[in-house]
Amino acid sequence: MSTSTALDTRRGLNRTVASFFSVAARAYDQRTLQRVVYQPPQDEMIELLRRYGSRRIVDIGCGTGILTSRIAEELVPDEVYGIDMSPGMLARARQRGPLVNWRNEPAEQLGLADESVDAIVTTTAFHFFNQRAALAEFHRVLRPGGLLAIDALNLRARWATPVQRLTGTRLSPAATPSPQQMVDLITIAGFELVEQRPIRRPWYSRPVPDILTVAVRR
């Protein structure tokens, strides 16, 4: 399969996923789900962005905009973009206020200028992307030295199989790179690894099998 055909196929899949999440948007904001699954990586992203002093920030796969809105309110950057493929998710995100530039775009084709942003973050969404194409696009829009932070599922982790069974999730390992495969992907795309480690989680959240990869654009 050619690269262009693979990209078109993946975008078709993304549209299907986006339609599902448009329906599921209301349940996505459920407090317990957010606290257990999503808040720990979001806290890590806020900490990273503060440490790097990022002023123009993009949240890819922003969902209903909880992290994006926190970035806008807690860090007060010059610009913050919340980007998602799901119109339903973005409809809820827009209700959070006007501080964020909300955009309905695929990760593989961002409507941002070359070298125009300081940081890109994405949480629990990387498995939906055409990863090589998305990383190439992230490299294009980030300035040299810009921050890339990816919270991704690690299906090789100890708790991955039990969590998939519990949640009914059936993600393929091919869609979720191993930690080493993630390093290879970002290196090939022109990034330099800074750190890679499991997300810091409270005891009740530790079975969630995700890993944080932090890099900078060369």
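Visitor: As what does Glu74 count at 39% relative accessibility?

Guide: At 39%, Glu74 counts as partly exposed. Please note that this is a predicted model, in which local features need pLDDT of at least 70 and side-chain atom pairs count only at pLDDT 80 or more, whereas totals for chains, interfaces and linings use all residues. Residues are numbered from 1 along each chain as its sequence is written, and side-chain values use heavy atoms, with hydrogens and water left out.

Visitor: Which residue does the side chain of Glu74 meet in a salt bridge?

Guide: A salt bridge is a side-chain nitrogen of Lys or Arg within 4 Å of a carboxyl oxygen of Asp or Glu. Glu74 meets the side chain of Arg70 in this way, at 2.8 Å from N to O. Arg70 has a relative accessibility of 19% and therefore counts as buried. Both residues belong to helix H3 (residues 66-75), where they lie four residues apart, about one turn of the helix.

Visitor: How are such elements defined, and how many helices and strands are there in the chain?

Guide: Helices (H or I, at least four residues) and strands (E, at least two) are DSSP runs, numbered from the N terminus. The chain has seven helices and seven strands. Read from the N terminus, their order is α-α-β-α-β-α-β-β-α-β-α-α-β-β.

Visitor: How many salt bridges does the structure hold, and which residue pairs with Arg217?

Guide: The structure holds 15 salt bridges. Arg217 pairs with Glu115, and their closest N and O atoms are 3.5 Å apart. Because Arg217 lies in strand S7 and Glu115 in the loop between strand S3 (101-104) and strand S4 (117-123), the pair ties together parts that are 102 residues apart in sequence. Arg217 is buried, at 11% relative accessibility, whereas Glu115 is partly exposed, at 41%.

Visitor: Which residue forms a salt bridge with Arg140?

Guide: The partner of Arg140 is Glu137, with 2.9 Å between the closest N and O atoms. These two residues are three apart in helix H5 (residues 131-141), so about one helical turn separates them. Arg140 is partly exposed at 25% relative accessibility, while Glu137 is buried at 11%. Elsewhere, salt bridges with shared partners join Glu44, Glu47, Arg51, Glu195, Arg197 and Arg200 into one network.

Visitor: What is the phi of Val76, and what is that of Glu115?

Guide: Val76 is a residue other than glycine, yet its phi is positive, near 45°. Val76 sits in the loop between H3 and strand S2 (79-84) and is exposed, at 53% relative accessibility. Glu115, likewise not a glycine, has a positive phi of about 50°. A glycine may be set beside them: Gly190, which follows H7, has a positive phi near 100°.

Visitor: Which residues of helix H7 are buried?

Guide: In helix H7 (residues 179-188), the buried residues are Met182, Val183, Leu185 and Ile186. They cover an arc of only 165° around the axis, which puts them on the same side of H7; the arc is that of the directions from the helix axis to the C-beta atoms. These buried residues pack against H5, strand S5 (142-153), S6 and S7.

Visitor: Where is Ser205, and is Ser205 buried or exposed?

Guide: Ser205 is found in the loop between strand S6 (191-198) and strand S7 (210-217). Its relative accessibility is 1%, so Ser205 counts as buried. The partner is the side chain of Arg201, at 2.5 Å.

Visitor: What percentage of the 218 residues is buried, and what percentage of the contacts joins residues at least 24 apart?

Guide: Buried residues make up 53% of the 218 residues in the chain. A contact means heavy atoms within 4.5 Å. Among contacts between residues at least 6 apart in sequence, 68% join residues at least 24 apart.

Definitions and conventions
Buried means under 20% relative accessible area, exposed over 50%, partly exposed in between (1.4 Å probe, protein chains only). A polar contact is a pair of N or O atoms within 3.5 Å; within protein, one must be able to donate a hydrogen and the other to accept it, and residues adjacent in sequence count only if both atoms are side-chain atoms.
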